[in-house]
Amino acid sequence: MKFKFDKKYLYWGITAFLVIAAGILFYYILFHGSSLSSGFSSFIGISMPIIDGLVLAYLMTPILNKIEKCIIKPLYIKAKLPMTPKNKRRMRGLSILVTIVLILVVLYEFFGLIIPEVVRSIQSIIFQFPIYINNLSNWAMGLMKNNPDLEEVVDALINQYSSKILDYVNSNLLPNLNGLVRTLSSSVLGVFKAMWNFVIGFIISIYVLGSKEKFAGQAKKIAYALFDRKVGNEVISNFRFIHSTFIGFIGGKIVDSIIIGIICFICTTIIGTPYAILVSVIIGVTNLIPFFGPWIGGVPSALLVLMVDPIQALYFVILIMVIQQFDGNILGPKILGDSTGLSGFWVIFAITIFGGLFGVFGMVVGVPIFAVFYAAVKASVNRMLKKKNLPTDLGPYLTVGQIDESMGFTEYVPPVKKKRRKEESGNKASDSSKTEGNAL
């Protein structure tokens with residue numbers, strides 16, 4: 001008797017295997033999550049040079065494309081060199097060389113101008129810190145002498161918390177001083193390790209830039225091999241959208257932050273703010289963080305200026321508020337445009353969630369990541385609405401109460417307003433009956 005194979009048993013077996021595997025995985029995550037987390041952290045630590053290389057290559061790709069398209073390729077065309085594979089490789093190598101030299105020159109000039117001034121500012125702060133503290137305390141004492149009520153509140157707070165601070169220092173800080181030294185030592189070693197990973201990643205990025213079309217082609221090949229043609233096209237289109245969202249937001253934010261740092265330096269120099277370069281660098285760097293960035297950099301900068309000159313601190317706070325309004329309403333929209341498509345609430349939501357999960361790095365990349373997720377959910381919802389022959393625009397849903405079988409939208413009326421409408425219609429009916437009776 002010939003055995004006939006039934007595919008449904010194969011599907012049942014695969015389904016049972018996947019269910020059992022998912023159950024085992026869930027059990028392992030639930031009861032051995034710490035081991036899984038430590039293993040994942042170890043894998044990320046080992047892979048950091050490759051991750052750094054991919055990130056560097058991704059950030060340098062727009063510059064490389066621009067140089068190759070606008071400078072190197074026209075030179076080859078002008079020299080009437082044939083676009084053979086060998087010449088294309090040479091053109092790519094020359095473009096990579098020009099890109100790296102340009103980036104290194106810009107970074108060298110920038111840090112050569114900024115770093116010495118920042119170092120001098122930090123040295124000056126360290127040497128003159130006792131004087132600044134004395135100036136600040138004299139200003140605070142003079143303020144309290146002119147306000148007796150404020151002096152009483154401050155004295156009560158000092159008496160209340162001074163004993164707690166001393167207890168904390170004696171019971172927690174001093175006994176854990178050795179642990180603090182070990183933590184600082186490991187932090188220094190971590191910095192050197194990160195620098196070494198960055199050097200290795202820089203070398204890897206050169207290889208990635210040289211073969212970026214090949215890697216992109218291999219990724220597309222895998223997509224069409226795994227999915228049918230329609231789904232493969234959609235996957236590739238989604239990845240292009242992710243790329244345009246990320247590169248548009250990150251690149252625009254870097255340019256925006258550089259401009260804000262320069263504007264801050266010019267304005268602080270004009271009004272005579274102490275440590276103008278240092279506070280401008282802080283403002284420019286923290287401006288990479290959307291929404292909260294100006295305040296994250298503005299508060300410590302204002303405290304630094306406050307120790308030197310309280311009046312200048314007031315001017316500086318007003319200046320930062322003006323710059324923040326200029327950036328939020330004029331410069332930012334001009335540079336970034338609607339690169340994310342998110343409202344203010346979703347921007348704050350993304351920064352809060354990703355900042356809590358991944359720190360400062362999460363606050364920088366959280367907005368474009370959430371923008372991609374938001375766009376994916378929006379596209380999925382619109383697709384389901386189209387299958388049901390419902391409109392995808394938001395307008396009809398703002399006041400909809402219900403949708404009848406003929407796909408007609410009925411406006412929602414609150415019970416109070418509905419009762420008022422009934423009373424008004426009843427009054428109108430009684431008025432009309434009275435009018436008819438008078439006419440008779």
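**Figure 1. The whole chain at a glance.** Of the 440 residues in the protein chain, 23% count as buried (under 20% relative accessible area; exposed is over 50% and partly exposed in between, with a 1.4 Å probe and protein chains only). This is a predicted model, in which local features need pLDDT of at least 70 and side-chain atom pairs count only at pLDDT 80 or more, while totals for chains, interfaces and linings use all residues. Residues are numbered from 1 along each chain as its sequence is written, and side-chain values use heavy atoms, leaving out hydrogens and water. The chain has 13 helices and two strands (DSSP runs numbered from the N terminus: helices are H or I, at least four residues, and strands are E, at least two).

**Figure 2. Glu 213 meets Arg 92.** Here a salt bridge (a side-chain nitrogen of Lys or Arg within 4 Å of a carboxyl oxygen of Asp or Glu) joins the side chains of Glu 213 and Arg 92, at 2.7 Å from N to O. Glu 213 sits in helix α7 and Arg 92 in helix α3, so the pair ties together parts 121 residues apart in sequence. Arg 92 is buried at 10% relative accessibility, whereas Glu 213 is partly exposed at 42%.

**Figure 3. Glu 234 pairs with Arg 383.** In this salt bridge the closest N and O atoms are 3.0 Å apart. Glu 234 belongs to helix α8 and Arg 383 to helix α12, so parts 149 residues apart in sequence are tied together.

**Figure 4. A pair within helix α8.** Asp 256 and Lys 253 both lie in this helix, three residues apart, and form a salt bridge with the closest N and O atoms 3.8 Å apart. Asp 256 is buried, at 0% relative accessibility, and Lys 253 is buried at 10%.
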